[in-house]
Amino acid sequence: MSHDHEQADSLEEFRKYRERMNAEILGENNLVINRFFALDTRTYEAGALDVKTKELLGLVASLVLRCDDCVTYHLTRCREEGISRAEIFESLSVGLVVGGSIVIPHLRRAVDRWTELEKLQHL
């Protein structure tokens with residue numbers, strides 16, 4: 001299997017797992033969990049800030065909090081919103097400055113994931 005197919009499989013696995021688990025979790029109809037998920041979804045809708053800006057904010061926060069799943073999710077959304085590589089790197093630089101050197105391993109994985117997303121766009 002080629003590296004590009006492995007990357008596509010990796011992102012597709014992430015998407016499928018996230019969708020499957022979200023459906024299972026939300027299917028329990030726990031009021032607090034369902035409301036929190038709804039709040040999370042609404043937070044990234046356009047308002048005083050546009051969706052692109054909010055996704056970049058989510059990316060920076062996820063990097064600082066060192067949540068690789070969240071970083072992957074926001075990078076995927078950033079790609080869908082047409083955010084450029086330069087905009088990603090400026091945002092990652094903010095996360096690095098705020099989070100410090102402990103963020104570097106997550107920065108590496110974020111850049112690797114972004115490169116995967118760019119390659120998939122060209123397939």
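This is a predicted model: local features need pLDDT of at least 70, side-chain atom pairs count only at pLDDT 80 or more; totals for chains, interfaces and linings use all residues.

Trainee: Why is D68 called partly exposed?

Mentor: Buried requires under 20% relative accessible area and exposed requires over 50%. The value for D68 is 26%, which lies in between, so D68 is partly exposed.

Trainee: What makes R109 and D68 a salt bridge?

Mentor: The cut-off is a side-chain nitrogen of Lys or Arg within 4 Å of a carboxyl oxygen of Asp or Glu. The closest N and O atoms of R109 and D68 are 2.7 Å apart, so the pair meets the definition.

Trainee: Which class of accessibility does R109 belong to?

Mentor: R109 has a relative accessible area of 43% and is therefore partly exposed, since the class runs between 20% and 50%.

Trainee: How do you know that R15 and E19 form a salt bridge?

Mentor: Their closest N and O atoms are 2.7 Å apart, and the limit is 4 Å, so the pair qualifies.

Trainee: Why are R15 and E19 separated by about one helical turn?

Mentor: They are 4 residues apart in helix α1. An α-helix has 3.6 residues a turn, so residues three or four places apart point the same way. R15 is partly exposed at 34%, and E19 is partly exposed at 46%.

Trainee: What makes E55 and R77 a salt bridge?

Mentor: The closest N and O atoms of E55 and R77 are 3.5 Å apart, and 3.5 Å is within the 4 Å cut-off, so this pair counts as well. E55 belongs to helix α3 and R77 to helix α4, 22 residues apart.

Trainee: Are E55 and R77 buried or exposed?

Mentor: Both are buried, which means that each has under 20% relative accessible area. E55 and R77 are also linked with E80 and E81 in a network of salt bridges.

Trainee: How do you know that the span of helix α4 is close to the expected one?

Mentor: Helix α4 has 13 residues and reaches 18 Å from its first C-alpha to its last. At 1.5 Å a residue, 18 Å is expected. The buried residues of α4 include V71, L75 and C78.

Notes. Residues are numbered from 1 along each chain as its sequence is written. Side-chain values use heavy atoms; hydrogens and water are left out. Helices (H or I, at least four residues) and strands (E, at least two) are DSSP runs, numbered from the N terminus. The expected span of a helix is 1.5 Å times one less than its number of residues. Buried means under 20% relative accessible area, exposed over 50%, partly exposed in between (1.4 Å probe, protein chains only).
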